[in-house]
Amino acid sequence: MIDLKVLTEAVEGLEEDKVLELLNEFVNSNPSEREAQDVVSACQQGMAKVGELFESGEYFIGDLIFAGELLTQALDILKPVIGSGSSVKVGKIVLGTVEGDLHDIGKNIFRSMAEAAGFEVYDLGIDQKPQAFVAKVQEIQPDIVGMSGVLTLALESMKKTVDELSNAGLRDNIKIIIGGNPVTEQACQYIGADAYTTNAAEGVKICRNWIQ
Amino acid sequence: MVLDAKQLFEQRLGRYQAAIALETADRIPIAPPMNYLAEIYSGSNHQQNVYDPEKLLAAEMAFIEAFPETDVLRSNRIWGPMCDVLDLRTYSLPGRELPPTGQFQFREEEYMKADEYDLLINNPAEFMIGTLIPRLFGEMGKGSSRSHFALLKAGLAQGMRNEILRNRNYQLETRCGMPQAGLGGFIAPFDVLADALRGLKGALLDTYRQPDKVIEACQVLTPIMARFALAGADPLKRYPIVVPTHKPCFLSPKQFDTFYWPSFKAILEILISSGYKVRILLEGDWSRHWHHLLELPKGSLICDIDDKSDIFQAKEEIGHHHCIAGGISNTMFIIGNPSDIDERVKLLCETVGKNGGFILSGACLIPYETKPENYKAMVDAVMKYGWYDKDFEPKPKQAPTVENVRLPKGCLTPWEVKKEELGGVLGEEDLIRIPWETIEEMAFNWLWSWSW
């Protein structure tokens, strides 16, 4: 039987070979869906530790990206045994890079960390018009909208998106977080978002606090 | 006294060079490494700027007329037709796949596979032309006639582009007295890997999974990028060589020390030994890494501080050794107001600018969305607070007399191989060999212009 503590520590330590070996052994042991869910949780706890190490300054962005890749691989291995009974989600996030901006590295780091923290993330992709955010928010009714951007033009696109969400009468039901290179406190106020960050781990923490 | 273009040029260049040399001239120079506001100043859209060099030049001239206190100018290197003849996949261009008002953007993908390091390490030219280039250029996948024709057109277009740049710089110098912020550029070997070869994610995963290959590839890329930088640099050595640094902000100090710095430092040393200054755009937060810059000779670098780092901390930690540039954040230019700018410039002049070695700029650039009244407020504030000595007349420095460091030549087909194919030559060999090697090297350098 897999030792969940060892697994969590291996994820936390970014020990790729060990994590994959443990998971492959586990999948071959014909586990139940319940056991598989426990293993997923153990991986997610490892990811949470990675986030903590990032916040304490021990890990860096490269480590977060590697951890995200590791988790993706882990879930791919576990897919056949997880079954359809998905675990309880803590909240829903609609996420996207705003109109005119084609960058996605930061957005993807945030997504993998938010998913690891138990959020259901609907990722619209890059270069998304305000209307695309509005339509997805109407469809999904998320708790949070996350907007990402790297270029300076993203500030205006973010503002337009917030304005469109307000015009559609959706603003009061959601929290909005913006992230990426150009965002600052001043930009956050100008855009009308609830929070800003240039740090994916901090962003996920803000989202968790909103949900609690 | 009204200065003519030559006098203005010398005054601006002298002011710029004094700051780089950690000296004080008459005042703090206003010298951003890239000025996007200038590109759109006469109202042309992004597509027009990327496709029509005359519109770009007209915009920059209008900008200089409006803000003559600006000391240098340098605009973007993208020329749309050059990308189109190749169907370049690494950039999205305004008016092509983006709206005419959109901004050109780099498209990072995993163009090189994780198991292809040995191809790059063993034969960089063969790797580029045989493996990477066909993935970067859409035209290469449309049959041999289209592929050959695309490369022929690219060679011709490159000549046109060089002429456009030469003409632009000449016009700005002789008609407006405007020097360049830099001439020639390159990127660090790790950035080559993490931009157009493996992409950030691929390169970072490689640092965990095959660290030795990453280090070896960076070593192979060192002379390649040094040659590339020298090939495009100012032959008169008046202007610095510019290097944006794309990925250090994603690296831990250990990763930076292991994978980024050794090969980057080696290139900087080659360029500095060749008599050049290097303007480094320290993108993102470099504060964990910038102590390394003290390993290079005093006054050899201009360090552009991004708005993710603290310029006051930069001044304290590295500003005693190298010139610091920056000070106004993107947000302040875009959504701030003139009084914010005035206050900020005053503070900068009183602190980081105090004893020279400071260039006023944005965070590695002046954003497209800058409110012109904010740029004006910055200029006006320098005229209020930025003087060292109003009677001082800045003059350019004597060009360094050192020769460029000799590097092994880059090529696909060495002369010895060609000579063998010819069965030897009957006449004077050097008359045939030297042009062969020169053109081989030009073509080799050209290949690497697509690596970022």
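How many residues from chain A and from chain B does the contact take? The contact takes 28 residues from chain A and 29 from chain B. The model shown in these views is predicted.

**View 1. The interface of chain A and chain B.**
Together, chain A and chain B bury about 2,400 Å². Carbon and sulfur atoms account for 63% of that area. On the side of chain A, three residues stand out: A:Phe60, A:Leu102 and A:Thr152. They supply 24% of the area that chain A buries against chain B, more than any other three residues.

Ten residue pairs are in polar contact between chain A and chain B. Two helices of chain A, α4 (61-82) and α8 (185-191), are the elements that each give two or more residues to the side touching chain B. Of these, α4(A) provides the largest share, seven residues. The rule also finds two salt bridges across the interface. One of them joins the side chains of A:Glu69 and B:Lys201, at 3.0 Å from N to O.

**View 2. The open sheet of chain B.**
Five strands of chain B form an open sheet. Their order is β3-β4-β5-β6-β7, and the pairing is parallel. Strands β3 (241-245) and β7 (358-361) are the edges, each pairing on one side only. From one strand to the next, the twist averages 20 degrees. Helix α12 (residues 253-273) of chain B packs on this sheet. The helix touches β3, β4 (278-282) and β5, and its direction makes about 150 degrees with that of β4(B).

**View 3. Strands β5 and β6 of chain B.**
Strand β5 (residues 301-305) pairs with strand β6 (residues 323-327) in the parallel sense. Three bridges link the two strands. B:Ile302 stands opposite B:Cys323 in β6(B).

**View 4. The surroundings of B:Leu93.**
B:Leu93 is found in the loop between β1 (91-92) and β2 (105-106) of chain B. B:Leu93 counts as buried because its relative accessibility is 0%. Beyond its neighbours within four places in sequence, its contacts include B:Val50, B:Tyr51, B:Ile78 and B:Phe104. The C-alpha atom of B:Lys397, 304 residues apart along the chain, is separated from that of B:Leu93 by 39 Å.

**View 5. The surroundings of B:Thr70.**
B:Thr70 lies in the loop between α4 (53-66) and α5 (80-86) of chain B. Its relative accessibility is 1%, so B:Thr70 counts as buried. A polar contact of 2.9 Å joins its side chain to that of B:Tyr375. Not counting residues up to four places away in sequence, B:Thr70 also touches B:Arg12, B:Ile30, B:Phe63 and B:Met178.

How values were computed:
Residues are numbered from 1 along each chain as its sequence is written. Chains are lettered from A and ligands numbered from 1 in the order in which they are written. This is a predicted model: local features need pLDDT of at least 70, side-chain atom pairs count only at pLDDT 80 or more; totals for chains, interfaces and linings use all residues. Side-chain values use heavy atoms; hydrogens and water are left out. Two strands pair if DSSP finds at least two bridges between them. Helices (H or I, at least four residues) and strands (E, at least two) are DSSP runs, numbered from the N terminus. Axes are lines fitted to C-alpha atoms, for helices over the stretch in contact, and angles run from 0 to 180 degrees between N-to-C directions. Contact means heavy atoms within 4.5 Å. Buried means under 20% relative accessible area, exposed over 50%, partly exposed in between (1.4 Å probe, protein chains only). A polar contact is a pair of N or O atoms within 3.5 Å; within protein, one must be able to donate a hydrogen and the other to accept it, and residues adjacent in sequence count only if both atoms are side-chain atoms. Buried area is the accessible area (1.4 Å probe) that two parts lose on being put together, summed over both. A salt bridge is a side-chain nitrogen of Lys or Arg within 4 Å of a carboxyl oxygen of Asp or Glu.
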